[in-house]
Amino acid sequence: MSLRSIIIDDEPNNIENLVSLLSQYCPEVIVAATAMNADEGITSIKTHRPDLIFLDIQMPGKSGFDLLKALSNINFEIIFITAYDQYGIQAIKFSALDYLLKPINITELKLAVEKARQKITAKQKDYNIANLLAYIKTGSKDVPKIALPTLQEIMYVRVDNIIHCEASNNYTSFYLQNGEQVLVCKTLKEFAELLTPHNFIRTHQSHLVNLHFVKSLLREDGGTLLLTDQTKVPISRQNRDLVKERLNNTL
């Protein structure tokens, strides 16, 4: 399991050293961005949605604690990086959070990363259970969310926000209403079984379409669907009658 991370530290040498240590000893940690002050850190967090941040406590202007106070939602793990500071360390210990003293000890770094990984995995499992209970509770009347496991995370997406899906070997690409494309580590066949009851149809061996986003049926190439995002999706010969029937019933 890879962990997307951000390093926030006002000393370039400290950032460079930590990047090097992570590359050598914690290769599962991917450094998505670095920041040299609290404001840059906040922007990076909102942009990259990290699993984990390495946060220096003492920085000019706003401290690491000030950064956390400024965030409305903290959905990532934190490993504090600090020189010896009795108040800061006492506060971290009091809250049962992890910290590393400068200079960073490799053994302590590996242990802190492993503890963060376990917490992140546990949270994903908790969210999976919450999603299961929500699905059971709402039944077929309300729009459920589906879990999409990517290489970096598990995304939870409302099925009515999925325009179409396309097979890519043992992966599936999801095209969402907001323009985002998500590559998922499962086959299209698995998702076809899950999504067919929710207004989706397999138009082709490699394509699964949400009928809600069909704009028109084109006669080109023996039959093609034009979707609202202007994507053209082929219809296989054996599926033409079924697609036409489902379209007629949907309209």
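Strand β9 (residues 171–176) pairs with β10 in the antiparallel sense over four bridges, where strands are DSSP runs of E with at least two residues, numbered from the N terminus, and pairing requires at least two DSSP bridges. Here Tyr175 stands opposite Gln181 in β10. The model is a predicted one, in which local features need pLDDT of at least 70 and side-chain atom pairs count only at pLDDT 80 or more, while totals for chains, interfaces and linings use all residues. Residues are numbered from 1 along each chain as its sequence is written, and side-chain values use heavy atoms, leaving out hydrogens and water.

Both strands belong to an open, antiparallel sheet of five strands, ordered β10-β9-β8-β12-β11. At its edges lie β10 (181–184) and β11 (200–204), each pairing on one side only. Helix α6 (residues 188–195) lies across β8 (162–168), β9, β10, β11 and β12 (207–210), at about 25 degrees to β12. Helices are DSSP runs of H or I with at least four residues; angles run from 0 to 180 degrees between N-to-C directions of axes fitted to C-alpha atoms, for helices over the stretch in contact, and contact means heavy atoms within 4.5 Å.

What about the interior? The largest nonpolar core has 19 residues, and Leu18, Leu22, Phe54, Ile79, Leu109 and Val113 have the most contacts inside it. Such a core is a set of buried Ala, Val, Leu, Ile, Met, Phe, Trp, Tyr and Cys residues joined through side-chain atoms within 4.5 Å, buried being under 20% relative accessible area (1.4 Å probe, protein chains only). Helix α5 gives the most to this core, with five residues.

Terms used. Buried means under 20% relative accessible area, exposed over 50%, partly exposed in between (1.4 Å probe, protein chains only).
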